[in-house]
Each structure stands twice: as structure tokens, then as C-alpha cells.
Amino acid sequence: MRDVPMRRGMKRKHKRLLAVLGLVAGLGVAAALVLTAFNDNLVFFHSPSDVAEKKIAADKRFRIGGLVEAGSVKKDGLTTEFVVTDLRHAVPVVYTGMLPDLFREGQGVVANGKLDAEGRFIASEVLAKHDENYMPPEVADALKKSGQWHEKPGDHAKLKPGS
Amino acid sequence: MHALANPARFLRLMAAIRPYAAAVAIIGLVVGLGWGLLISPRDYQQGETVRIMYIHVPSAWMAMFIYAAIAVSSAVALIWRHPVAELVAKASAPVGAAFTLICLVTGSLWGKPMWGTWWVWDARLTSMLILFFLYLGYIALWEAFDDPSRAGRAAAILALVGAVNLPIIKFSVDWWNTLHQPASVLTLEGPKIHPDILWPLLITAVGAQGYYVWILSLRVRAEILNRQARILRFSAAADRRAG
């Protein structure tokens, strides 16, 4: 007599447990599907490789991101020319305006604009992207002096040459 | 867990934990922020601006941790009808919302000098803004019902639905190109922060965690007493009608 309502109570608890697990699992799958479907719209910028592979429609505004190629920066008044590279492909960029403080050769950068007829990227905005490494300046100097310094291009690591 | 479903026992446990949580909060925040803001070295590329991290990053961690705590408590409340779990979730929400707001504001203040912009719609920043709206929606939903048991159930379901955003926030910087840099501390290769910068950050984070437990213990006590007062009011009204 006594264990009948008990068992029913357990059953209800199990039902609610399954309902909650089902809700979370279902939402997880739904979110994964939606995010995969909208993958191209969720990236903040495209790489020079995307441009080389013609993944971007002509005459469309987009953002290009990568590293500022060492030795490529040419300044003429407020106009700066530089090359953005992902270590596989490179795109020349022309920008007129103030650059952020962190803009340096070898550093990450994101530019917004569109390609012109010669394949140059005419940027209307340039943002600096810093990497995930933090260290005191003395440590950075010591690493550079001892030859242990590796330019870690942040999330461009997966775009190593030959990969 | 079932032992803690008893509000009186839960209140005793909270009262016992409270002074320790307060001590962790005060020591952790004073030592961590003092070390981070005044003593720790500047960063090789960001200079003094890196000090915003000592407020920004612990706030971001707490924003996500507290939301996870709300989601777990909500699941416990829904499945086992655990009355205290529901109040733990309710009492946590404004604390988490405050940490999320601090994270968004300090991130914006950090973005302007470093990136060159206050705000961009990249996946990390956008998913964090969604977290803030989830907190506000959760708080509003509690207030939208007169009957607390219905409010609690609706809010718990919202909390569980929103939990899907947590892995999106964490992995947004790995799944998509973002302006925000990838993870520095919780990575498979280990932290990418020099110990002189990492230690004050971790101590501040522990202090923030202590602050949450401290404030939570006070807020849950208020919620439990509030609910008991409501029951007393109802029974007094019923007595008056009967007499």
C-alpha cells in the first residue's frame, strides 16, 4: 500500500529529469545546426585565403583580417599602405585615416572596406587585433634576445604555411 | 542535496559559510586588485592598459559561472521540486547581471584604446551581450507572475534554454574569426599569461567568487524569509476570515 504513491513519485521525478535533459539536448542540437548554417555570417572577418579562393562576391563590403606583413607598411601623410597576410595568401590594403596604437608590423589587424579593380583592398576602417599572450616588456625583450621569440599570430596559428 | 532542501538547515549552513566567504572576498579582492592595479608589470604590447583585465576578466568569469549556477539550480528545482534551489537561482540573477554589465563596460573601455573601437558585433561580444539580456529576461520573468511557483517554473525553463549560450561564449573565439583574442588562461596548452600578470588575476577571481557566495548567502536568506512572511500573511488572513 505505502510504496505505490512513492513509486509514482519517483516516476514523476524521472519524467521531469528526462524532460529537462531532453530540453537541454534538443536545444544544444538546434543551436549547433543554426550556428553551422549561419557560419559564414558569424565570422567577423575573412582571411586573404578566402579572398584568393574568390569566396567573396565582387563589389561587396567585407572585413579582411590577418597579420600586417613585416616591411610592408608605407606611410604617405594620412594614407597608409600595407599588406595583410595569413602566411599563405596576401592582400595589399590602402587606408586613409588614424591607425590604432597597436597597429604594427607582424601584428593582427582587421580592416573594413572593399576590393578595387586591381585587387587592392580599399579600407575605410582599420582595427588592431592583439594576441592572447601577456607578458612584461622585459620578458619579451629577453625572449627576443635569446632567440626564443616566436611570433604567435593568435588564431592564425591554424593557418600555418603548408597546412 | 536533499538535506539542503530544508530551508532552516540551508540557512544554518549559509550562516556558517558567510564569514569565510566574506574573508575570501575581502582578502582576495584587496590583494588581487592591489597587486594587479598597482604592482604587477605592464604588458609588452598593451602597456598600462592591460590593467583593465584585472576587472574585466574576473567579471566575465563570474558572469558565466553565476549563469551556470542558475541553470543547475533551475534544473534541480524543476526535477526535484527543491524549494531552496529555486531561491538560489533567483537570488543569484542580479549579481550575475551586475558582473555581466561590468564585463561589457570595461571591455568597451579596453577596446577603444587597443582595438580602436568601443564595440563590434563579433561572436564573442555579441554572445556576451545576449547573456546580459538573458539575465534581464530572467529577472523580469520572476516579476511577471503573481504566483511565485508559476514564476519560478517559467524562469527556470528560461534559465535552461539560455544555458546553451554558455559554450557559445566560451568557444566563440575558436569557432569563428573574432576581433576578440582567443582564450589566454583556460587553454589546452596552458595559460599564455606571464605568472606576474596571471597570479593577481587568479587571486582577484577567487575574491570575486567569495564575494558571490557572501552576497548569495545574504540574498537567499532574504528570499527565504520573504517567502515565510508571505505564508504567514496568508495564514493570518485565513485565520481572520475563519474567526
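Where in H3(B) does a kink of about 30° lie? The legends below answer this and describe other views of chain B. The model is predicted: local features need pLDDT of at least 70, side-chain atom pairs count only at pLDDT 80 or more, and totals for chains, interfaces and linings use all residues. Residues are numbered from 1 along each chain as its sequence is written, while chains are lettered from A and ligands numbered from 1 in the order in which they are written.

**View 1. The kinked helix H3 of chain B.** The kink lies at Ala93(B), shortly before the proline Pro94(B); the bend at a residue is the angle between axes fitted to the seven residues ending there and the seven starting there. H3(B) contains 32 residues and reaches 47 Å from its first C-alpha to its last, close to the 46 Å expected at 1.5 Å a residue (the expected span is 1.5 Å times one less than the number of residues). Gly116(B), which follows H3(B), has a positive phi, near 100°.

**View 2. The fold of chain B.** Chain B has seven helices and zero strands, where helices (H or I, at least four residues) and strands (E, at least two) are DSSP runs numbered from the N terminus. The C-alpha trace of chain B spans about 75 × 35 × 30 Å along its principal axes.

**View 3. Helix H3 against helix H7 in chain B.** The axes of H3(B) and H7(B) come within 9 Å and cross at roughly 125°; axes are lines fitted to C-alpha atoms, for helices over the stretch in contact, and angles run from 0 to 180 degrees between N-to-C directions. H3(B) and H7(B) are therefore oblique to each other (angles under 35 degrees count as roughly parallel, over 145 as roughly antiparallel, 65 to 115 as roughly perpendicular and the rest as oblique). H3(B) passes H7(B) in a right-handed crossing; a crossing is right-handed if the near helix is turned clockwise from the far one by less than a right angle, and left-handed if anticlockwise. Contributors to the contact include Leu87(B) and Val95(B) of H3(B), with Tyr212(B) and Ile224(B) among those of H7(B); two residues are in contact if their C-beta atoms, placed from the backbone, lie within 7 Å. By class, this contact of H3(B) with H7(B) has nine nonpolar, one polar and three charged residues (Ala, Val, Leu, Ile, Met, Phe, Trp, Tyr, Cys and Pro count as nonpolar, Asp, Glu, Lys and Arg as charged, and the others, Gly among them, as polar).

**View 4. Helix H1 against helix H7 in chain B.** H1(B), residues 7-39, packs with H7(B) at an angle of about 150°, their axes being 6 Å apart. This angle makes H1(B) roughly antiparallel to H7(B). The crossing of H1(B) past H7(B) is left-handed. The contact of H1(B) with H7(B) has 23 nonpolar, seven polar and two charged residues.

**View 5. Helix H2 against helix H5 in chain B.** The axes of H2(B), residues 53-80, and H5(B), residues 148-162, come within 8 Å and cross at roughly 135°. That makes H2(B) oblique to H5(B). In this pair, H2(B) passes H5(B) in a left-handed crossing.

**View 6. The side of chain B that touches chain A.** In this view, 36 residues of chain B are in contact with 33 residues of chain A. The largest share of this side of chain B, four residues, comes from H2(B). The residues on this side of chain B divide into 22 nonpolar, nine polar and five charged.
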